Amino acid sequence: MTVMTDPPAISRFAAAAPFWVSLILIPVAWIAALYGGWALLLLPASTWYLFTIIDYFAGLNTENPDPNTPDSALFWYRLITLLWAPFQIITIFAILWYVMATGHLRGWEEWLLFAGVGVITGTIGINYSHELMHQSPKLERWMGDILLASVLYSHFRSEHLLVHHRYVATPRDPVTARYGEGFWRFFPRVLHQCYFSAFGAEKAMLSRKGLGWKHKSNPFWRYWALQALFVGLAALIGGWWGVFLFITQAFVAIFQLELVNYVEHYGLTRKYLGDGKYEHVQPRHSWNAAHRASNWLLINLQRHSDHHFKPNRRFPLLQTYDETEAPQLPFGYPVMTMLAMSPTLWRRVMNPRVKAWRAAYYPDITDWSAYRAAANPMPR
């Protein structure tokens, strides 16, 4: 793999420009709102299918940037994640106001429109919130909280930072899809388990400080307040129907997120060391994908092996790995998430890869069912 050095200042915007491609989805959403009918297909087509086609022609990107590049050189990369929050909020509620005020779309068209909006608030919005929640500046964390509240999934921040990153690729992580577990079993399980694991993690942190869960420092108060604010705004604009449309986009966004979560660690397991401890997280504990175009759209989320290895590394500096260092997905996330919705096809594609991964990294474990039971001595 080639190592790239930090580009000169004059070319930094040009280097970051491909990651700004998500902005084209906002005018696409407005086209769908203005015309309805066939135009309602543009949002899912622009994310799921268009970038799959571009991936086919653009190929893989196996170049790695200098991980020591200072934040001062990343201005144009960081700016897009900060701008997306106000763009998303304005888009959701301006389109809601427009369809309520004009009434030019039929009810089913309005529903499909907001399902399409949910595709971009999930594919882009939650993904950007994921980048922002991992950073130290308060502004970035607040932008992340606002994005998550706009899809009614605020607890994802607590669950992701306090549970998922700690227990990833172990039986104690609700978000790590188990080997053989189909997405349609995974989805309702994580909806239930992740909320309570997130609340439990925050409650445990407060308890260690001698505080109860009702203390004002519990971020769930902020989560609930922001979510109530957005639901109230939807009700003010469109009444009960406006709330229903808002919840529709939120549900589709959550569905998109959990499809990606399902793909990222399916069947992978960290070695249990005994006494409630597991080996350190390594690049081999996440599925990696080097597909160029979908990494532009998803700001390098597919370099997930490095994200878990170095969680605070900003997205433009994430490293990619070859098949000797991390397991590789055969396609980018747009294709893999579509495959995940068919458990039969998914198992046909991925189970042989999981078995090959087990043989390569853990040849000493011969009975994985017994291992899984032993590796979960303290179920959550």
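Predicted model: local features only at pLDDT ≥ 70, side-chain atom pairs only at ≥ 80, totals over all residues.

The structure holds 40 aromatic pairs, and two of them are described here in some detail. In one of these pairs, the rings of Trp 30 and Tyr 98 have centres 6.0 Å apart and planes at 65°, which is over the 60° cut-off, so the pair counts as edge-to-face. Trp 30 belongs to helix H2 (residues 25–35) and Tyr 98 to helix H4 (residues 75–102), so that this pair links distant parts of the chain, 68 residues apart.

Another pair joins Tyr 77 and Phe 315, whose ring centres lie 5.9 Å apart and whose planes meet at 75°, so this pair is edge-to-face. Because Tyr 77 lies in helix H4, while Phe 315 lies in the loop between helix H11 (304–309) and helix H12 (333–340), the pair ties together parts that are 238 residues apart in sequence.

The table gives the accessibility of these residues.

| Residue | Relative accessible area | Class |
|---|---|---|
| Trp 30 | 26% | partly exposed |
| Tyr 98 | 18% | buried |
| Tyr 77 | 13% | buried |
| Phe 315 | 2% | buried |

Elsewhere, ring pairs link a set of residues into a cluster, among them Tyr 179, Phe 183, Trp 184, Phe 251, Tyr 262 and Trp 346.

Technical notes: Residues numbered from 1 in each chain as written. Heavy atoms only, no water. Phe/Tyr/Trp six-rings, centres within 6.5 Å; stacked < 30°, edge-to-face > 60°. Helix = DSSP H or I, 4+ residues; strand = E, 2+ residues; numbered from the N terminus. Buried < 20%, exposed > 50% of the residue type's maximum accessible area, 1.4 Å probe, protein only.
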